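Hi there,

Here is the structure I promised to pass on to you. Have a look at it first, and then read on for what turned up in it.

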Amino acid sequence: MSLVTAKNEKNKRDKWGSKIGFVLAAAGSAVGLGNLWKFPYSVGNNGGGAFVMIYMIFLILIGLPLMLAAITLGRKTQLSAVGAYRSLKKNWAFVGGLGVLCGFFILAFYSTVGGWVIYYCIKAFTGGLAIKDPEVLGGIFGGFISSPASSIMYQGIFLILTLLIVIRGISSGIEKASKIMMPALFGMIILIAIRSVTLPGASAGIEFFLVPDFSKINMDVVMNALGQVFFSLSIGMGVMVTYGSYLDKDTNLLGPAASIPVLDTMVAILAGFATLPAVFAIGFKASSGPGLMFVTLPAVFASMPFGKLFCILFFVLVLFAALTSSISMLEVCVSYFVDEKGANRTKAAMMIIVIMYIVGIPAALSMGPWKDLHILGNLNFFDFYDKLTSNILLTSGGLLLSIFVGWIWGADNAIEEIEKMGVKFTLAPLWKFLIKYIVPPAVFIILINSFKSVIAAIF
């Protein structure tokens, strides 16, 4: 083997082993904790089935066009998020850089919650959550997150699990893990949903979740649905560009671009059926966020037949959802150093994880001993990382992606890439119109609302 050939083999980029592997990994990236604790409550509080209807409309008009744009950009360039933009328009590389920063800081604080999930998996297996009293469970949760040593230790374990998957590469690491975790995730959430909806009194929760209440529909509800679509798919952090870059040139992009948002939405709706009917059946108040996941639901499971089994299934499900998202965030950062700096994958991933862990420790501590330490207005470290990424970096990245593909690189060039290898994109004129004229204003509105949310949180 010649030196040139050896060098080319060494630098050869990894690829997805199959299209289904890519779809499951990309859907896993989109499926996260927000699907499990935010979507069901948002539906119930924003008009039930009416909210779902509005959500689906925005998913088609905003989510699908953005998803296709991101994957197409990645496959076209076969580069990480930074390189993808730079290769087509040099002075737009900063957009990819925003994605790398976004993924880094999200995982820095997301790993805190990931650590909580690991702790609760262990508690579920050992029977430590078989308690019906929410106040007692609230005390357990409060005591855990207030312990600096426990919070930091479990945060580190979650990051190590993420690292072990990513260092194995795309086909041998992320794809193989996703092929195990995503089908298992679907299986577990379906089992829990079936058990939930068959509990006596579950009909009240089903009604709360799905029955349309058009009297609640106003501009706030519309904006909530639009924001839920955008943030659920997490397109603005460069994950889909990065994942798309590992696709072969002969991959038809249309199927995956539609399948990923659909799978993400299926998990969110199943999460509603898995949680809300059970909450209502047992007689608890519907809530969202950590209170639902770590206090209310364990009390619900403890109050039902075979509750320990379903509690174990639920927290394993939550762990898989957290991991499929975390590996995609780490991959965005790792691919930047591998593609742009020529770094070794394992060394780059280990370096990033160590720095991420150090940066993330204040987020873990801010849920306990540092909760009153405000670094910007009323924001502690955890809230600051959350607002910086979700409200500013993620939204800005999505807006700039739509502008770049629609206007800078050009929608016609993107369509040409989509239609390679004889693919017929019959909806190309509609997609072109959406990505140029509908998606950018819609995401800009989200950005404005996000800035308002940040300002309100600071002051």
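The largest cavity holds about 60 Å³ of space. Please keep in mind throughout that this is a predicted model. The structure has 1 cavity of 30 Å³ or more. Around the largest cavity there are 13 lining residues, and Tyr 85, Ile 235, Gly 236, Gly 238 and Gly 397 are the ones nearest its centre. Three helices each give at least two residues to that lining: H6 (81-88), H7 (93-125) and H18 (381-408).

Next, the open space. The largest pocket comes to about 1,200 Å³ in volume. Its lining is made up of 43 residues, with Gly 34, Lys 38, Phe 231, Asp 386 and Ser 390 nearest the centre. Several elements supply two or more residues to the lining of the largest pocket, among them helix H2 (19-30), helix H3 (33-37), helix H4 (39-45), helix H12 (219-233), helix H16 (307-341) and helix H20 (428-458). H7 and H18 also belong to that group, and both of these helices supply at least two residues to the lining of the largest cavity as well. Which helix gives the largest share of the pocket lining? That is H18, with 7 residues. Sorted by class, the pocket lining has 19 nonpolar, 20 polar and 4 charged residues.

Let me start with H9 (residues 148-166) and H17 (residues 345-365). Their axes come within 10 Å and cross at roughly 155 degrees. Angles over 145 degrees count as roughly antiparallel, and H9 and H17 are therefore roughly antiparallel to each other. The crossing of H9 with H17 is right-handed. On the H9 side, the contact includes Pro 148, Ile 152, Met 153, Leu 159, Leu 163 and Val 166. Among their partners in H17 are Arg 345, Met 350, Ile 353, Tyr 357, Ile 361 and Leu 365. Of the residues in the contact of H9 with H17, 14 are nonpolar, 4 are polar and 1 is charged.

The second pair is H8 (residues 134-145) with H15 (residues 290-302). The axes of H8 and H15 are 9 Å apart, and the packing angle is about 135 degrees. H8 and H15 are therefore oblique to each other, and H8 passes H15 in a right-handed crossing. From H8, the contact takes in Pro 134, Leu 137, Gly 138 and Phe 141, while H15 brings Pro 290, Phe 294, Val 295, Pro 298 and Ala 299. By class, the residues of the contact of H8 with H15 are 8 nonpolar, 1 polar and no charged.

The axes of H2 and H14 (residues 254-282) come within 9 Å and cross at roughly 45 degrees, which makes H2 oblique to H14. The crossing of H2 and H14 is right-handed. H2 contributes Lys 19, Phe 22, Val 23, Ala 26, Ala 27 and Ala 30 to the contact, and H14 contributes Pro 256, Ser 259, Ile 260, Leu 263 and Asp 264. The residues of the contact of H2 with H14 split into 8 nonpolar, 1 polar and 2 charged.

Over to you, and happy exploring!

Best wishes

Key
Residues are numbered from 1 along each chain as its sequence is written. This is a predicted model: local features need pLDDT of at least 70, side-chain atom pairs count only at pLDDT 80 or more; totals for chains, interfaces and linings use all residues. Side-chain values use heavy atoms; hydrogens and water are left out. On a 1 Å grid over the protein atoms alone, a cavity is a set of points where a 1.4 Å probe fits but cannot get out, and a pocket is an open set with protein on both sides within 12 Å along at least five of seven lines; lining residues have an atom within 4 Å of a point. Grid points are joined across faces, edges and corners, and a volume is the space filled by probe spheres set on the points. Helices (H or I, at least four residues) and strands (E, at least two) are DSSP runs, numbered from the N terminus. Ala, Val, Leu, Ile, Met, Phe, Trp, Tyr, Cys and Pro count as nonpolar, Asp, Glu, Lys and Arg as charged, and the others, Gly among them, as polar. Axes are lines fitted to C-alpha atoms, for helices over the stretch in contact, and angles run from 0 to 180 degrees between N-to-C directions. Angles under 35 degrees count as roughly parallel, over 145 as roughly antiparallel, 65 to 115 as roughly perpendicular and the rest as oblique. A crossing is left-handed if the near helix is turned anticlockwise from the far one by less than a right angle, and right-handed if clockwise. Contact means heavy atoms within 4.5 Å.
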